[in-house]
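This report covers a predicted model of two protein chains.

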Amino acid sequence: MKPAPFQYVVPESLEEVMDILGQHGAEAKVLAGGQSLMPLLNMRLARPAVLVDINRLPGLDQIAVEDTAVEIPCLVRQRAAERSPIVAEELPLLREALRHVAHPQIRNRGTICGSIAHADPAAELALVLVALEGEVVAVGRGGERRIPANAFFRGIFTTALEADEVIRSVRIPRRRFSGQAFREFSPRAGDFALVAVAVALDVDPQGRVQTARVAVAAGSDVPARLTEVEARLQGAQAGAEAVKAAAAQAREAVQAGSDAHASEAYRRHLTEVLTEEALLAAMATTGGNVA
Amino acid sequence: MAQAPRFTGQRIRRVEDPRFLTGRGRYLADLEPLGTLAVAFLRSPHAHARIRRLDVTPALQVSGVAAVVTGADLTEANIYCAGLGGQPYPPLAVDEVLYVGHPLVAVVARSRAQAEDAIDAVVVEYEPLPAVVDPVEALAEGAPRVFSQAESNLCFHLEHTPEGLDALFAEAACVVRGTFRHQRQTAVPMETRGILAQYEPVSSRLQVYASSQWGHGLRDGLAKALGLPQSKVQVTLPDVGGGFGAKYGVYPEDVVVAWLALKLGRPVKWVSDRLEAMVSDFHARDSIHIAEGAFAKDGTFLAIRDHMISPAGAYLLDGSAAVLETVIASLVLPGPYKVQAVGFRIDGALTNTTPLGTYRGVWGPAATWVQESLMERAASELGLDRVQMRLHNMVRKEEFPYASCTGVVYDPGSYQESLQTAMEAIDYPGFLKRQREARAQGRYLGLGIAAFVEPTSLGAWQPEPPTVPYESAVVRMEPGGEVVVQVSVNSHGQGHETTIAQLVADALSVDIGKVTVRFGDTAAAPYGGGTFGSRSITVGGGAALEAAGRLRDKILAIGAHLLEAAPEDVELRDGTVAVKGVPARSLSLAEIGRVAHWVPAKMPSGMEMGLEASSRYVPPPITFSNGCHAAEVEVDPKTGRVRIQRYVVVEDCGVMVNPTIVEGQIIGGVAQGVGAAFLEELGYGEDGQPWATTLMDYHLPSVTDVPRVECLHLETPSAVPGGMKGMGESAMVASPAALVLAVEDALSPLGVRFERMPLTPERVWQAMTATRS
């Protein structure tokens, strides 16, 4: 478990990173927290010619609140986000999900953007980004572009990022929901989820669901919103009945995968169980009016 | 003993812990003599394939490479490993690879990274061949053969049908049956295997350091494989970070590394990484039991039949689970119960999988599961209380020594008492009430009971025992009065430096701080069988006690002579020899040490100088510890997840030298039992590809999965000096059965029975769904 030989570079500015990536393209890999990349290197499953260590880039480790979005730059550690008052205030769903990401030791090093770039289909952070309609800010020699989450994840470990681009930050809209919840089921605490569900809701004073977001990662290639389930919830009276129906529909609608860890049937079943739990929890945080 | 024990039985803090807890342990990977070369192995990615072409020349071009060797190089040099019964097999694959992970090329380079670069450069063309994984399929007519020239894959067969067995089944009021498949596992010690070998030209000796449970065995095995006299091989064990059976024996990598050191004249080192550990450490367990039990109307357990089938892997090794797990199971299948006859048939099959070896509790987890399941199923069928039925069948106190129908003799234990104690601790009547109430609310609570015996401390358990039937100790008092104990058992986590010091300190009436325990160097330690089969404190400790007793007699004789008293009138007390009742007439041990080492004229006439005594202690053939586990669980009907609510262990391991260490063994064994029951599985696809090659896929229990374990102790002394019994494996033996049966009990309204472990949430959910529909 020793990596194949590679050239190691430590750029000190984003411009330098872009130059290196422009020069080496797919032969280069960006190292941030290293929590996914280092095992891949050590198992020789990834063999980049150049390893671009971005950990010394200045000014990219602070979460910022803008008018319409919260910006999380590429050197913000998961643990820092988990403890950030801004995240607690603005993005409670992200905060809840972060507690399910691996273990504290790993979150101390791993970055939010690194997890997004790695695009593991079972990753909690990708799911939250999809649920909250965040976007990825990619920079390359061709300039900067913003890629919506639902267009960013293309497949297992595959994203819309070009070979010469690096994620500068992710942006998540400042959009208060009246309730949200994150639920997952994993073999052990800290493992990748067999199924994870993120929901966010607005419930009006009469107890009707105004908007609903339901996103699920269930072993398929990418985390996805269940738009049929969301549509069904919209306008429904918040409560056990609507939740039950929505969860049953989620079971049918979800793209569930099958592998050594869980069958498709079990993942569908867990999707129903977790969707029900998450919706009920999200409704419970809306401040009552749940029938 | 001159005075009541000061240390034995006490919760003495482990003397080795300050070193380990402050990061000062010294393990194999820490050793790096000047000029050490690193080894990496090329391992087969195929379960079965012919090696069409093997070209190592590109590897020789890689920077830093010192040598590249293949299976052919080793067989040309006549270097082989020994399998069961000494059957030779090549350490590196020749012509065909037989399992994923099978090593076929070794590279030696300046660094491990360079060695791995060179491994990448080796050109191999494989022609895939049909692979066979499942033992039943492997034994079927027309199955692909692991060795094409062999007639079949059958590698081990044993059967026995005692007289009267069929009649007992025919006349039984109740016959219960089940299939019990214990999954494949591996021990996963935290420190992986490793070996460092160095040829010393001046003494023409091969110095070997290894992470092993048995230095003498490794020395003997390497000497045989390399054709060297045993005196020319020295094995030294540094701190060893866990073994659990996976480090007992001689592996192909050991032979290759030792041979490379001789060939190259440089220190050569290999440290297994976790990826290769998962496919090259012994795999373990993996047996199918198709069992039935015959019972009388009153619940009397009459007889057992068991057909055991096990996939041995590509080679049948000396410690193969396909042989040891099953043969020992055939001897102790009745557990703590009286049974009139046990009939069995054992079939071992060669398969295209990693060879099976030993893992803590060899025989036990599967056999205890079978034994307790038959009991549960019969109780349910006969409408009897499962606790009363167990008590009814257990060997009673007055029946010891009890000769089992299988031929083994149980020494005294506390079978009924341990079950009763466990049921009191878990509040059995209260549990039944809680269970009823929970069921009314749609909740599933269950209680699992596993009463066990553990055969430990093997002596001459067969006329020609396959394992070393004794252990040794040399106890020496230095001129200054300090005591050094050399023992043949090695610690890889057990705490020998503490427990054996406790025994010897009491035997010699000195402070424990005066006693140093050493082991692990074949040049210094006396011969023995090493650490396996729960023997260290009984056989190793027994030898230490015997030797210390002999030394005490000598000290007393010298003291009596110097004090001009009769030997029976003096006693050892707090580091002095004193005339009984006259404490003023005493001599310090330092004074006795001075005389014994320096002053022949003051010694009793004819007595040898020095203060040293030794023992080679052969214990009774088998010493049985016993006890009972009780697990209370709740099953989440939505997800199939099992939560362990309470876990009680009653353990009778005779006299406890150190209850904290005993409890550490129990808690660790329960943790591994949780892994077996719920989490760990080394599965293979039909193509022979392993599913779990990292710890992301092989789910070891973590701190959040292991319950708080309530330990209770009973003490039925054994015949061993000191009255101890082995207990290193019992918790691993009993806990999977207790946990699986707890889940079955929880789901008894649905009539769920499990045929295979682990009980993952999905399997539990599937079982619940299947019975509901």
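Helices here are DSSP runs of H or I with at least four residues, numbered from the N terminus. By that assignment, H14(B) is followed by B:Gly442, a residue with a positive phi near 80°.

**Helix H14 of chain B**

Helix H14 of chain B covers residues 428–440, which is 13 residues. At 1.5 Å a residue it should span 18 Å, and the 19 Å between its end C-alpha atoms agrees with this. Which residues of H14(B) are buried? They are B:Tyr428, B:Gly430, B:Phe431, B:Gln435 and B:Ala438. Viewed down the axis of H14(B), these buried residues fall within an arc of 145°, so they line one face of the helix. B:Pro429, B:Arg436 and B:Ala440, on the other side of H14(B), are exposed.

**Interface of chain A and chain B**

In the contact between the two chains, 25 residues of chain A meet 25 residues of chain B. Together the chains bury about 2100 Å², with 57% of that area on carbon and sulfur atoms. On the chain A side, A:Met1, A:Arg188 and A:Tyr266 lose the most area to chain B, and together they make up 30% of what that side buries.

The polar part of the interface includes 16 residue pairs in polar contact, both residues at pLDDT 80 or more. Helix H12 of chain A (residues 264–284) supplies 6 residues, the largest share of the side of chain A that touches chain B. There are 4 salt bridges between chain A and chain B. One salt bridge joins A:Arg44 to B:Glu116, whose closest N and O atoms are 3.7 Å apart.

**B:Asp281**

B:Asp281 lies in the loop between helix H9 (274–280) and strand S15 (283–295) of chain B. Is B:Asp281 buried or exposed? Its relative accessible area is 2%, and buried means under 20%, so B:Asp281 is buried. The side chain of B:Asp281 is in polar contact with the side chain of B:Arg193 at 2.8 Å. Leaving out residues up to four places away in sequence, B:Asp281 touches B:Thr186, B:Pro189, B:Arg193, B:Tyr251, B:Glu276 and B:Thr354.

Key: Residues numbered from 1 in each chain as written. Chains lettered and ligands numbered in written order. Predicted model: local features only at pLDDT ≥ 70, side-chain atom pairs only at ≥ 80, totals over all residues. Heavy atoms only, no water. Helix = DSSP H or I, 4+ residues; strand = E, 2+ residues; numbered from the N terminus. Expected span 1.5 Å × (residues − 1). Buried < 20%, exposed > 50% of the residue type's maximum accessible area, 1.4 Å probe, protein only. Arc of directions from axis to C-beta. Contact = heavy atoms within 4.5 Å. Buried area = accessible area lost by both parts, 1.4 Å probe. Salt bridge = Lys/Arg side-chain N within 4 Å of Asp/Glu carboxyl O. Polar contact = N/O pair within 3.5 Å; in protein donor to acceptor, adjacent residues only side chain to side chain.
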